Amino acid sequence: NGSIRFGVNSESTAVRLTASAERDGGYDYVARSSPLQGHDSTRINRLNVRSVTQLPGASTLDVQAAYLEGVAEVPYVENYQVSFPDEKVHDFFLSGIWTNHLSANHELKASATYANFNVRQPWRTCIPTAFVIPEVFNLWRVDPAYVNQLLAGKLPSGGSRQADALARQALIALQALGSGGALKPRCVQANQNMSESRSDLELQDTYVFSSALRVVAGIGARLQKGQSETIFGGSNTTRQFRLFANAEYKPTQRINLNIGGYAEHDSLTGSTFSPRAAINFHLSDNQTLRFVASNGTRSPDIYEQRANWTYALTDMTPLLNGATTARFFQSAVSPGGLTPEHIASREIGYWLNMQPLGLTLDVKLFNDQLTDLISEKLQVASFRPTNANSVTLRGAELQAQLELSPSWSAFLNYAYLDNQEATTALEQTMYARNSGSIGLSHAFGSGWRGSLAYYGQSGNGVGQSSFGQEEITVAKTFGAHSARCRALLSISRLDRKTTTYFRDFGSTLESRYNNRLQLRGQLEVGF
């Protein structure tokens, strides 16, 4: 990784420019990639410009623009590929925030953002001729089970009259290819290109009525567009409108009350409301007990609600009946009608700050009930999203920092998570019952600092392996002429070189490094 930052100030404006480049080699071995070398590296370049201007009348204008481009290597997308389906990414972001301090207790903020995300993912594949026959495509649209039986060499039956008629047409087309013709490979160009844009406007008002009462409220709107001939069969647009408010009330010096809500209307799913309430008891100047209850929603996105997934194949060789283009036989259309997912969250927390001992402690117990989940694995061969899934997550989190002396410090993070009553194994992937980190740091003087840390998780998810890493870091801060420099060297050791993860029901994949030891260096120079 490498980055450069440059800033300049005038009487009323401050401008900062940041440019960075990131290179990640990924794993040494990735399943379904070359057996000799993994194909999952990333190459990302970023440019960010931000300016903050002090305007007349106690107002400010914050403008930010960002651009990202790069390549994310992808080892696998389907069984017949003859080139890697790497993703070429181009993103752009622009935002402006105008803040006006109308008085000492009244602030008005208006913001506008625009973001554009583009992914180009082409690849070359050589698939059996049977997969590009128009009659097979038409049959799949009506009855996928008929196609699966037909391609397995069976004569399908038991379906509708329309399916029977289309099956006869498909069978005639396949027989016309001759002996072995259905399996003859046809090489074509496929893609999963997609672009998405979001335009957002928001107005927020903050008013302090007194030292005991403060209210924040606002209104916003978002326009979101998705464009993909493969995923959407063209373009789709959604609109969202929202209202939100939160009030903080302090009836006494020891009690803080927070109550708020977020109302949203989405053109895909209708209207939802998410309330939140919290109470903080300040037991003393350095102890706080909190209780939080909230309900939230996640609206189905364009992909889940309006997918029209079809692969238009080009540059076909050899030609099929004189044609250079075709459609892959499998396709998927979202049934639509999905409703928002829901979460009911309850939390009890305790915060402690004991400055004489240098101890800061934050403990949390939580219970999250997630219902109406869209958990199905959505793929072109099987695209049937529902709201029929749920899971309950219960657990505890602990964060502690300890300043042992002016030169010694330590930290401890631990999380316990219990995954209960999951209706599908897909809600039990990427899950660790125990996870955390612990570390110790020492300042040796003369700009030298060293640290020792351990990070790990138990890997209780379906098909998931555990993870553990020990890390030793040495850093040196020094000056060189007018520059301020910081050099860092880190050595880490993995508990295991191999990582396994869920691919599909009854199937896992693995990635691995050749060595357990990893070395990382970093140099920062500031002028």
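Trainee: Strands are DSSP runs (E, at least two residues), numbered from the N terminus. In which strand is Asp-315 found?

Mentor: The model is a predicted one. Asp-315 has a positive phi of about 55° although it is not a glycine. Most residues other than glycine have a negative phi. The strand that holds Asp-315 is β16.

Trainee: Is Asp-315 buried, partly exposed or exposed?

Mentor: Buried needs under 20% relative accessible area and exposed needs over 50%. Asp-315 has 48% relative accessibility, so Asp-315 counts as partly exposed.

Trainee: Which residue is joined to Thr-317 by a cis peptide bond?

Mentor: Most peptide bonds are trans. At Thr-317 the bond is cis, with omega at about -10°.

Trainee: How many residues apart in sequence are the parts that the disulfide ties together?

Mentor: The structure holds 1 disulfide, which joins Cys-126 to Cys-187 with an S to S distance of 1.9 Å. Cys-126 lies in strand β8 (residues 122-128) and Cys-187 in strand β9 (residues 185-191), so the separation in sequence is 61 residues.

Trainee: What is the handedness of the disulfide between Cys-126 and Cys-187?

Mentor: The handedness follows from the torsion about the S-S bond. That torsion is about 100°, so the disulfide is right-handed.

Trainee: Is Cys-126 buried or exposed?

Mentor: The cut-off for buried is under 20% relative accessible area. Cys-126 has 19% relative accessibility, and Cys-485, at 8%, counts as buried. Because its value is 19%, Cys-126 is likewise buried.

Trainee: How are helices α1 and α2 oriented to each other?

Mentor: Two packed helices are described by the angle between their axes and the distance between the axes. For α1 (residues 134-142) and α2 (residues 144-151), the axes are 6 Å apart and the angle is about 135°. Over 145 degrees would count as roughly antiparallel, and 65 to 115 as roughly perpendicular. The two helices are therefore oblique.

Trainee: How many nonpolar residues does the contact of α1 with α2 have?

Mentor: From α1 the contact takes Val-136, Leu-139, Trp-140 and Val-142. From α2 it takes Pro-144, Tyr-146, Val-147, Asn-148 and Leu-150. By class, there are no charged residues, 1 polar residue, and a nonpolar count of 8.

Trainee: How many bridges join β11 to β12?

Mentor: β11 (residues 213-228) and β12 (residues 234-252) run antiparallel and form a hairpin with 5 residues between them. Gly-233 in the turn has a positive phi of about 65°.

Trainee: In β13, which residue stands opposite Arg-242?

Mentor: β12 continues into β13 (residues 255-266) through a hairpin of 2 residues. The pairing is antiparallel, over 11 bridges. Opposite Arg-242 stands Glu-264.

Trainee: How far apart in space are Leu-489 and Phe-366?

Mentor: Leu-489 lies in strand β25 (residues 483-494). Beyond its neighbours within four places in sequence, Leu-489 is in contact with residues including Ile-472, Val-474 and Leu-519. Phe-366 is 123 residues from Leu-489 in sequence, and the C-alpha to C-alpha distance is 38 Å.

Trainee: What share of the residues in the protein chain is buried?

Mentor: The chain comes to 4 helices and 28 strands, and its C-alpha trace spans about 85 × 50 × 50 Å along the principal axes. Of its 527 residues, the buried share is 35%.

Conventions: Residues numbered from 1 in each chain as written. Predicted model: local features only at pLDDT ≥ 70, side-chain atom pairs only at ≥ 80, totals over all residues. Heavy atoms only, no water. Contact = heavy atoms within 4.5 Å. Disulfide = S-S within 2.5 Å. Buried < 20%, exposed > 50% of the residue type's maximum accessible area, 1.4 Å probe, protein only. Axes fitted to C-alpha atoms, helices over the stretch in contact; angles between N-to-C directions. Parallel < 35°, antiparallel > 145°, perpendicular 65-115°, else oblique. Nonpolar A, V, L, I, M, F, W, Y, C, P; charged D, E, K, R; others polar. Pairing = 2+ DSSP bridges.
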